[in-house]
Protein chains: 2
Amino acid sequence: MTEAGPDSAAERWLSYREEIKVLDATIRDGGLMNDSKFDDAVVKSVYDACVAAGIDYMEIGYINSRTQFPTKDFGPWRHSREEDVRRIVGDNDTPLKLSAMSDAEKSDYETDILPKEQSVLDMIRVACYIHQIPLAIRMVKDAHDKGYETCVNIMAGSTIPERELDEALEMLAETPVNVIYVVDSFGFLYSEQVEALVEKHLAAVKGKGKEIGIHCHNNRQLAFGNTIQALIKGANYLDASFAGLGRGAGNCQMELLLSFLHNPAYHLRPVLDCIQQHIEPMREKLMWGFDYPYMITGVRNEHPRSGMAFNASKDRGDIVKFYDELTAEE
Amino acid sequence: MTEAGPDSAAERWLSYREEIKVLDATIRDGGLMNDSKFDDAVVKSVYDACVAAGIDYMEIGYINSRTQFPTKDFGPWRHSREEDVRRIVGDNDTPLKLSAMSDAEKSDYETDILPKEQSVLDMIRVACYIHQIPLAIRMVKDAHDKGYETCVNIMAGSTIPERELDEALEMLAETPVNVIYVVDSFGFLYSEQVEALVEKHLAAVKGKGKEIGIHCHNNRQLAFGNTIQALIKGANYLDASFAGLGRGAGNCQMELLLSFLHNPAYHLRPVLDCIQQHIEPMREKLMWGFDYPYMITGVRNEHPRSGMAFNASKDRGDIVKFYDELTAEE
């Protein structure tokens, strides 16, 4: 790992850090808005655009349980079976790496994640809540032993008691995990908090050869801004999605991130083209992106589920009603 | 002026700085999207909401020339004549202060700005480009001598050569101006640049009893994030507008700012109510807010006028065409 500091590209305005990796989460996080039911044409267009744009990783979906998420109710990108992935990427004879996310307690990871030599996937990302860290570590070891790069996303990062996070990081530092993410699932954090979290994570893995990542949601329109602050502090894995497609207020927008980074390997035009042809046409139905109910859940450091339910109801647009409902509970 | 530092509320997460003032620019900046033709009911609703929300200043419009902006083409908030302002606010028997903006070379300021004792306005904000600083200083002195609080907004802050800015700040430090704003008209800047500009401004006016302000545009979805960074560095005057209503991508959103600040004097609900009843209903016609063409002009550090023209044309939505047109010019 390269430490950020006065000599690094952080704190400089024109150069860039070679170590930075951009991860596209469009289909995976966006799948939370449509039960992972994307047409193959959409997934293929995102894949092609990621390759053309020079993006480092594409997360194509979840590898979650077909028992808990039956195929009659959920699309293929909730399970990301090898035949589904290969239908899109073939043998993925490109520099783009592929990842899939496996949720603690929602995944039959031992059977569903194939040995690396049988898969086109490159990285397994384990998602967990703080109390699931022991299981997440078991899942990391399973994926590592199967031959994958590994990553842990500790969700709802804005709600984790400091002592528990310290303990989790101490445990993770001793595992083979390659990347640990700061995840602002609720879109609550602002710059100084993100900076403190990234510094804490970097300190915990110092000398262990691990990287820190950042995954933001846009409830307070800080997803991109907070991603920049994490980058400045030394996070090298940056999540984003096309047009911000993701749960609720969505993610850091890929088009903002690529047009900010100075590495000439990245190209904006293929992303804009895919957004125009395939992503924006889904907005009216999927309803992701900044909206007042998501702002309100973000300010309150809550899961966006109440905002999603409100926006799917006949009351959509009555933002004062939503505000009154949430604050009346106090 | 209170210096920001380790003992101040900047760098703390729960307390707040008493010195912070929030300025609403909804009608003034939003007037750039509709030739300042707002119904009185809209202006009154914003005024009432500002009062109820505990906002410090409301900028009700421009005081610009009726010759250059004829009343047949422009609404009353391009000129903000005393009788128009009083029709909305009466004698403004509230703690809310009122401001109006006067543009260098677009204003008959000597005749159109009344002596303070004849006006309900409290502050005159002079807007200028860097080459207009000598005229802006003359306008500041005129307004100061008439009895107003004064402020200078040096527009297009992301394009000003450093030597010229240093010279302007040196000149302004010797004037009676109360507040000098960092203005990111093109929505180009990111956090480290905003921080450096605020630090430069603070250093230039050190010991002069002046405050620094921040006015951002949301082209790269950094308006709110950059406002936070300016606040952290010691800017005490913060511009925002309801639903971000303002030119092109719009401004820092008032609802985001008020729900971030910890001063219990501020209240979110009246702002949400006004947005729902009066501001959002104008969005389809006025078309402000984050959009890809504005992102592209922001990334290029350009005025948003090409994006505004594109969005008003039949090509709206063809973002790749817009991108190709702009990059082909290079």
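This is a predicted model: local features need pLDDT of at least 70, side-chain atom pairs count only at pLDDT 80 or more; totals for chains, interfaces and linings use all residues.
1. The barrel. In chain B, eight strands close into a barrel with parallel pairing, in the order β1-β2-β3-β4-β5-β6-β7-β8. On average, neighbouring strands of this sheet are turned by 25 degrees against each other, direction ignored.

2. One strand pair to look at. Strand β7 (residues 211–216) and strand β8 (residues 237–240) of chain B pair in the parallel sense over two bridges.

3. Helix α8 (residues 223–233) of chain B lies across β6, β7 and β8 of that chain, and runs at about 170 degrees to β7(B).

4. A serine in α2(B). B:Ser45 is found in helix α2 (residues 40–53) of chain B. Is B:Ser45 buried or exposed? Buried, because its relative accessible area is 13%, under the 20% cut-off. Leaving aside residues up to four places away in sequence, B:Ser45 touches B:Cys274 and B:His278.

5. The largest pocket. This pocket holds about 1400 Å³ of space. Its lining has 45 residues, and A:Arg283, A:Phe290, B:Arg283, B:Trp288 and B:Phe290 lie nearest its centre. By type, the lining residues divide into 17 nonpolar, 19 polar and nine charged. Helices α11 and α12 of chain A, along with α12 and α13 of chain B, each supply at least two residues of that lining.

Notes: Residues are numbered from 1 along each chain as its sequence is written. Chains are lettered from A and ligands numbered from 1 in the order in which they are written. Side-chain values use heavy atoms; hydrogens and water are left out. Helices (H or I, at least four residues) and strands (E, at least two) are DSSP runs, numbered from the N terminus. Buried means under 20% relative accessible area, exposed over 50%, partly exposed in between (1.4 Å probe, protein chains only). Contact means heavy atoms within 4.5 Å. Two strands pair if DSSP finds at least two bridges between them. Axes are lines fitted to C-alpha atoms, for helices over the stretch in contact, and angles run from 0 to 180 degrees between N-to-C directions. On a 1 Å grid over the protein atoms alone, a cavity is a set of points where a 1.4 Å probe fits but cannot get out, and a pocket is an open set with protein on both sides within 12 Å along at least five of seven lines; lining residues have an atom within 4 Å of a point. Grid points are joined across faces, edges and corners, and a volume is the space filled by probe spheres set on the points. Ala, Val, Leu, Ile, Met, Phe, Trp, Tyr, Cys and Pro count as nonpolar, Asp, Glu, Lys and Arg as charged, and the others, Gly among them, as polar.
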